[in-house]
Amino acid sequence: MSVHSNTKRVTTQTLQEMKMKGEKIAMLTSYDYSMARIVDDAGVDVILVGDSASNVMAGHETTLPITLDQMIYHAASVVRAVNRALVVVDLPFGAYQGNSKEALTSSIRIMKESGAHAVKMEGGAEIRESIERILSAGIPVMGHLGLTPQSIYKFGTYTVRAKEEAEAERLLSDAAVLNEIGCFGIVLEKIPAVLAAKVTTSVDVPTIGIGAGPNVDGQVLVVHDMIGLTREFSPRFLRRYLHLYEDIKAAVGQYVTDVRSTDFPNEKEQY
Ligand code: KIV
């Protein structure tokens with residue numbers, strides 16, 4: 001956080017007020033300084049340093065391989081760029097499932113070493129003790145229910161979650177737990193829109209949807225997907241605002257042509 005900036009920062013309290021006023025919250029991921037600068041400058045309220053960095057930055061098939069040290073590196077780069085948005089960092093797989101002490105130690109490392117403002121964790125009642133311990137240290141926690149990619153090998157697929165009544169009931173009850181113990185928000189990933197709407201009215205804290213329909217308090221997307229840097233990933237919920245893969249490929253192709261033909265550099269592009 002820059003002590004020189006006059007910009008009013010988004011806090012967890014701001015998000016709560018937005019929910020109460022019915023103002024939608026815009027959240028996007030970022031993993032590096034240059035992207036975070038643009039995303040913050042464009043007015044996004046919450047920047048998520050997601051463990052999706054494992055996929056889009058490092059090329060892994062799942063979010064499981066990314067380490068706590070790698071998340072801290074990404075988060076610190078993002079924090080250096082941001083003047084306004086609340087920066088939330090995913091606790092990566094293996095950094096909190098062991099026990100609540102480990103969850104707190106990992107969260108403290110993220111806050112101290114990156115300067116981020118909050119952490120996010122996947123799960124409900126089963127991680128209650130860890131969340132409470134982190135909250136008791138004064139660290140804001142965002143929950144994440146529905147499709148939780150760190151459990152992909154339990155689910156076996158990335159399809160919509162909680163379509164069946166029993167799972168939907170469990171999700172509602174998990175959301176109630178997260179709300180009651182003091183999470184400042186809950187991400188709802190890839191669940192039926194009707195269920196997301198029900199969760200949103202049943203909790204006091206803001207819900208942020210990804211593939212969860214319009215009746216939530218805000219939306220989140222992976223920035224690489226929404227600007228079309230990725231191509232293979234095309235779920236129904238994704239709106240692509242740009243097609244940067246094609247644009248960058250064309251620009252790089254032109255550069256290769258120009259270098260080979262000695263068109264670049266020209267007389268003005270030299271000393
Ligand atoms: O890691 C991530 O980018 C996320 C979002 C998809 C919510 O958790």
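Residues are numbered from 1 along each chain as its sequence is written, and side-chain values use heavy atoms, with hydrogens and water left out. Because the model is predicted, local features need pLDDT of at least 70 and side-chain atom pairs count only at pLDDT 80 or more, whereas totals for chains, interfaces and linings use all residues.

**Domain layout**

- The domain assignment places residues 12-240 in domain 1 and residues 244-271 in domain 2, with bounds that come from an automatic or database assignment.
- The centres of the two domains, taken over C-alpha atoms, are separated by 39 Å.

**Contacts between the domains**

- Four residues of domain 1 are in contact with four residues of domain 2, contact meaning heavy atoms within 4.5 Å.
- One salt bridge is found across this interface, under a rule that asks for a side-chain nitrogen of Lys or Arg within 4 Å of a carboxyl oxygen of Asp or Glu.
- Arg 231 forms a salt bridge with Glu 246, and their closest N and O atoms are 3.9 Å apart.

**Ligand site**

- The residues that surround the ligand include Thr 29, Leu 48, Gly 50, Lys 120, His 144 and Glu 189, each having a heavy atom within 4 Å of the ligand.
- Asp 51, Ser 52 and Asp 90 are also among the surrounding residues; a polar side-chain atom of Asp 51 lies 3.0 Å from an oxygen atom of the ligand, one of Ser 52 lies 2.5 Å from a ligand oxygen atom, and one of Asp 90 lies 3.1 Å from a ligand oxygen atom.
- Taken alone, the ligand exposes 260 Å², of which the protein buries 95%, with accessible areas computed by the Shrake-Rupley method with a 1.4 Å probe.

Note on methods
A polar contact is a pair of N or O atoms within 3.5 Å; within protein, one must be able to donate a hydrogen and the other to accept it, and residues adjacent in sequence count only if both atoms are side-chain atoms.
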